[in-house]
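Have the structure open as you read.

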Amino acid sequence: MTVTTETAKPFSLGRFMAEQMRNIAPVFTLIVLVIFFSTQAESFRTFDNLMNILSQASITGIIAVGLTFVILTAEIDLSVAAIANAVGILVAYFTIQPDYVNIANVPVQGWIAIILTLAACFTLGLVTAFGVTGIGIPSFIMTLAMMQIANGISAMLVRGQIAYNFPDLITTLGSGTVFGVKWTIVICLLLMLVAHLVLTYTRFGRYVYMVGGNREAAEFSGVNVKMIIASVMIICAMCSGIAGMLGVAYFGSAQQNQFDTFLLDAIAAVVVGGTSLFGGRGGIGNTIIGLLVLGVLNNGLDHIQIDSFLKILIRGLILLAALVINVYAQKLRETARE
Amino acid sequence: MTAGGLTPPAGSVSDAPVLQMIGVTKTFGGVQALRDVDFDLAPGEIHGLVGENGAGKSTMMKIIAGVYHGFEGEMRVDGRPVHLRSPADALAAGIGMVHQELSIVPDLTVAENVFLGVQPIMAGGVVDWGRMKREARTQLASLGLDIDPSTRIGSLPVGLQQLIELSRVLFSGAKIIILDEPTSALSPPEVARLFDALRRLRAQGRTIVFISHFLDDVVDISDRVTVFRNGSKVITERTSALTKDSIIAHMIGRGAADMHMGESTELSGDDSRAVVLSATGLSDGQMIRDISIKLRRGEITGVYGFMGCGQVELARALFGKGKLTSGDIKLDGETVSFRSTATARRAGIGYVPENRRMMLFRTEPMYKNVSIAILDKIDRFFLRPSRERAITEGHIKDLQIRPPLPNIALGNLSGGNQQKVALAKWLTEIPKVLILSEPTRGMDVGAKEDVIRIVRSLRDRGVAVLVLSTEPETILTLADRVTVLKRGVVAREFSSGHIDKADLLAAA
C-alpha cells in the first residue's frame, strides 16, 4: 500500500543544506585553505603564485575532465595516468631525438606524430570500452589491466631511456605561454568549458547523468546505456592522452613512471570537488573546485614551514575527509528526500 | 543451538494439534491484515494454504515463523503458549520457513550451504570439513537426494537448490516447515521430486505448510486445505472433500451477491484488427518456452499468470532486454531484432516495468523523468529544457499529476503520481506498442482509476497495448483479450466471450 502525500514539502533550510552539502563543503574547504595560507605566508598571496598553482593543476585538470564523465556514470578509470604516460612517450617516439638518446624510434612529421598518437590513444580507450560494455568486465578491473598494458607500452618504447624532443606544436602548447598565461592552463580551461557545455546542454550529457543516477531506469527508458558508458571511457582516454602529450612537454622529458602521481591526484580532484562516487551528481564545476583545493593545498604547504614528509600524510587525511563527506552527503540527500 | 525440547513420539497418532493460533488479529498502520483468525496444524500432515494476494496467508505464516511479532491473539506449540520474537526463536521452537526467494549462497558448496552459520568446528576453530560433508550427505539422502556435497550450489538447478535449503531448515531441527510457493519455479519432474521429499517428511511425523497459487499442486499433495480471503479464514477442510473449483469458489467468495469491478468481463478481441507486433516461439532457455503472442492495433492484450510464470521475461524480451535463444518478433510485418532497449524504443515500443524504482530517477526533477524517452525527438543534439517543461506541463494537466510542479524532484511524489509520470514518458510520442507490467499495483483507488482511463484512451487512439499482471482484477478490468502463462508457456488464450476470475485462476 502506498501512503499518499499529495503536497510538495515546504522549503526548509536544513533540507537545502543537506542536499547541497556536496557542493557547499568543497567551496568552504577551499575558502578556509586560501585564508589560512594567505595569513601564514606572504609569498602565497601573490599573482605569480596563483599562476603557479593553476599551471601545476592544469595537467591534472585535463585528466580530471575525462574522469568526471566516467565517475558521473558510476564507473572508474584507473588507467588515466598510465595512458597519459604511454601517449607522452609515444609522441616522443615519433619525433627525432638527440644522438645521445638511444631509442629505436620512428621519426615522422610533427602533425603526423600527433595524429598517430591520438589514434593510438583512441584505440586504448576503445579497448577499455569494449572490455567494460562488450565483455562485461567491471571497469575497476578492466582499467587496472589497461593500466598495466599502457605501462607496458611505455616500458617497451623507451626501455629505460629518456626522450627529450617532441613535435614543435606539442612543445609550444606544453611549455609555452600566450599573453603571459601558460598554454596548458588555457587548454585545460577550454576543455573544461567544452566538457561543461556538453554535460549541461547536450542530450549526451543528460544521458551521462541519467545513466549514473539510475542505470536500470535509463535502460528501461530506451537509453543505450552501453553506448554511453563506452563513450565516457573513450572520452576519458582521449583526455588522458592530451594531458600526456602536453605533460611531457611541460616536464621537458618523457620517461617511464613520470605520471604516477597523476592517477590519485585526478581521482582526488573529482571526488574532493563533490562529484558523487555513486554517479549522477556533480560536474565540471565540482571538479574545478576539487582541483583548486588540491592545488592550493600542495602549493600552500610548500610556502609554510612544514615537514615535507608530513605533506603526504596531510593530503591523505584531506582525501579521507572528502570521501567521508561524499558518502555522507549521499545519505543525507537520500534521507532529506524521504 | 538448543534441541528445543524432546522429539515428539514417533508415529504419534493423537490428533492434538502441534500448533494452534487462536483469535489472531494483525494490523499494519490501521489496515487489518488478519481479523480474528483461528488456525491449527496437526502432527504429520501436509497443510495447503491458499488465497489471493493480500488475503492474509503470508502474514499468518510470517507470524508463525517469528518474522512478525506483536499481534493480538495466542500462539501455542504442543499446547504450550509461546512468544516468538525472531525467526531464530521460531527455529528454536521447531518452526522453520523456506521463503520463495531462496537464501542460499550460490558460490559455496552444497555442504557449506546446509551448514551455513553452524559449521562443525574442531579444536582450534578449524572447520571439520569431513564431518560436514558426511552429515550433509546423510541429510540430503533422507530427502531422497544423491548430491555430491562438494558441488558448488549455484551450478545446480533451482529445484535442487530449494531442496537443499529445505534440508538446511530440517537440519536445524524444525518439525513444522512452512514452504512459500515452493513449486512456482519448478518443472514437473522437479515438482514430483519435491512432493516425494515432502511425503518422506510427513512419514517422519513432521508437519508441512504448503503455501501455493498452484491449486493443482495443493490438491495433489495436501491432506487439509485452509482458504484465506480478505484477512479472514474462510474454511479449513480435508482435501478429499474439496475440488479445484470449490477451492476457487472459496477464494473469491462466489455466491456473494454483488460482483465488484474487475471480477469478470466480456472480452472483445477482434481478429480483423491489424496485428502490430507478433512474436512467435519466444524462448530464453530459462524462464519462457515457446511463447507466441499477437498484439493488435487498438486492443489491450492482457497476460495473466502467477509470480515467476515468465511475464517479466516476456515483457523484457519484447523491449530488447534479455537474450532470446529462439523465436522471432515481427513489428508491422517486418522481422526485427532489438540489440538494445534504445533500438526497441526507436522502433516504436514503450515499456513501463513492474517496479517504479526501475524506471524513475527519484532525485531528478519530474520534467527530466518525462523527457528521457523523447530527448532525441525534441532535438538531435541539444537539450531544450523549456520544451521539456512545456511537454511535462501538458502531461500534468492531462493526467492530473499532483503536485503540478515540473521541477519537483520525483521522489517527493506519491506512488500513484510516480506511476503517472512513468506512463507520461511514453505519451508524448505515442508508441506503436506499449508494454505495461503491473500498471496499477499498490496504488490507491483514485490513482488506479486515472491509470485505467489513460490506458484505455491510448488503446482508443490505436496503440497496441500489452498489460501483464499477477492480479486478475487488473487483467479483467483492462484486457480485450487474455493470454494466461503458466511456468513459462502459454497455458490458455481467451479472445471473446465472458470470463471471470475463476477462469483465470483455473487456467494458470
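## A covered strand

Strand 14 of chain B, residues 300–304, is mostly covered, with five of its five residues buried. Strands here are DSSP runs of E with at least two residues, helices are runs of H or I with at least four residues, and both are numbered from the N terminus. A residue counts as buried if 20 or more other C-beta atoms lie within 10 Å of its own, exposed if 12 or fewer, and partly exposed in between, with C-beta atoms placed from the backbone.

This is a predicted model, in which local features need pLDDT of at least 70 and side-chain atom pairs count only at pLDDT 80 or more, while totals for chains, interfaces and linings use all residues. Residues are numbered from 1 along each chain as its sequence is written, and chains are lettered from A and ligands numbered from 1 in the order in which they are written.

On strand 14 of chain B, Ile300(B), Gly302(B) and Tyr304(B) point one way, while Thr301(B) and Val303(B) point the other way.

## Its partners

Two strands pair if DSSP finds at least two bridges between them. Strand 14 of chain B pairs with strand 19 of chain B (residues 464–469) in the parallel sense, over five bridges; here Gly302(B) stands opposite Val467(B). Strand 20 of chain B (residues 481–486) also runs parallel to strand 14 of chain B, joined by four bridges, and Arg481(B) stands opposite Thr301(B).

## Where the chains meet

The contact (C-beta atoms, placed from the backbone, within 7 Å) takes 38 residues from chain B and 26 residues from chain A. Helix 10 of chain B gives the most to the side of chain B that touches chain A, with four residues.

Notes: Contact = placed C-beta atoms within 7 Å.
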